[in-house]
Amino acid sequence: MATVTLLGLTGGIGSGKSTVAAMLAEHGAAVVDADAIARGVTAPGGAAIPAIAQAFGAELITPQGALDRDRMRALVFADPNARRRLEAIVHPLVGQETERQAQAALAQGRRTVVYDVPLLVESGRRWRQKVQRVLVVDCPVVTQVERVMARSGLAQAEVERIVASQASRAQRLAAADIVIHNQGLTLPALREEVRQLAQGFGL
């Protein structure tokens, strides 16, 4: 039987993690995007919406029936307990769906599953136990801030606040089995690094 590789992929905002995930997918990996799943369960009609409305009130739900992301972001920044309450609703649903997608990919014959998880390090052992190795896409914080400001139009202070709310660069590197240093790399050079990694995973 062919070897199965279960890879955790993470990196801070603006690190280039999503680009690396897309490149791995081009090589045939099944990418399970935890962020996309989280957006799905908090979209109109999403599985998390009734519990969020009950826990936080109808004012946190948009007229379209989705989580009001701006209001929730302001709330969790102001109240760490609100973040924990939200995660207690959303994380189990995300976990169920990521597992469903991974099992479906394996049933289709995929032999490398990449769990694309922005907050893999922050979630502690829960994600670490699912994967065999952790790949971290790394760059300096100043580069993260510059990239996110350029693509989002957010103010520097807002981006720095988002970066500060995530695991530190040192914490991510300490959790890494493999690191891609995405600083000063051209897109072709990054693509070549990913190609070599993919080859090592049998892709």
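Start by selecting Asp138 and Arg169: these two form a salt bridge, and their closest N and O atoms are 2.8 Å apart. Keep in mind as you look around that this is a predicted model. Asp138 sits in strand S4 and Arg169 in helix H9 (residues 169–175), so this pair ties together parts that are 31 residues apart in sequence.

Next stop: select Glu99 and Lys130. Here is another salt bridge, with the closest N and O atoms 2.7 Å apart. Glu99 belongs to helix H5, while Lys130 is in the loop between H6 and strand S4 (133–138), so you're looking at a link between distant parts of the chain, 31 residues apart. Check the surface again: Glu99 is partly exposed at 27% relative accessibility, and Lys130 is partly exposed too, at 24%.

Stay on helix H5 and pick Glu97 and Arg100. Their side chains meet in a salt bridge, at 2.8 Å from N to O. How far apart are Glu97 and Arg100 along helix H5? They are three residues apart, which means about one helical turn separates them. Glu97 is partly exposed, with a relative accessible area of 23%.

Last stop: the largest pocket, which has a volume of about 1600 Å³. To find the middle of it, select Asp35, Arg69, Pro118, Leu119 and Gln166, which are the closest to its centre among the 48 residues that line it. Then colour the helices that give two or more residues to this lining; among them are H1 (17–26), H2 (34–41), H4 (69–78) and H10 (187–200).

Which element gives the most to the lining of the largest pocket? That's H5, with seven residues. You've already been on this helix, since Glu97 and Arg100 are both in H5.

Technical notes. Residues numbered from 1 in each chain as written. Predicted model: local features only at pLDDT ≥ 70, side-chain atom pairs only at ≥ 80, totals over all residues. Heavy atoms only, no water. 1 Å grid on protein atoms, 1.4 Å probe; cavity = no way out; pocket = protein on both sides within 12 Å on 5 of 7 lines; lining within 4 Å. Points joined across faces, edges and corners; volume = space filled by probe spheres on them. Helix = DSSP H or I, 4+ residues; strand = E, 2+ residues; numbered from the N terminus. Salt bridge = Lys/Arg side-chain N within 4 Å of Asp/Glu carboxyl O. Buried < 20%, exposed > 50% of the residue type's maximum accessible area, 1.4 Å probe, protein only.
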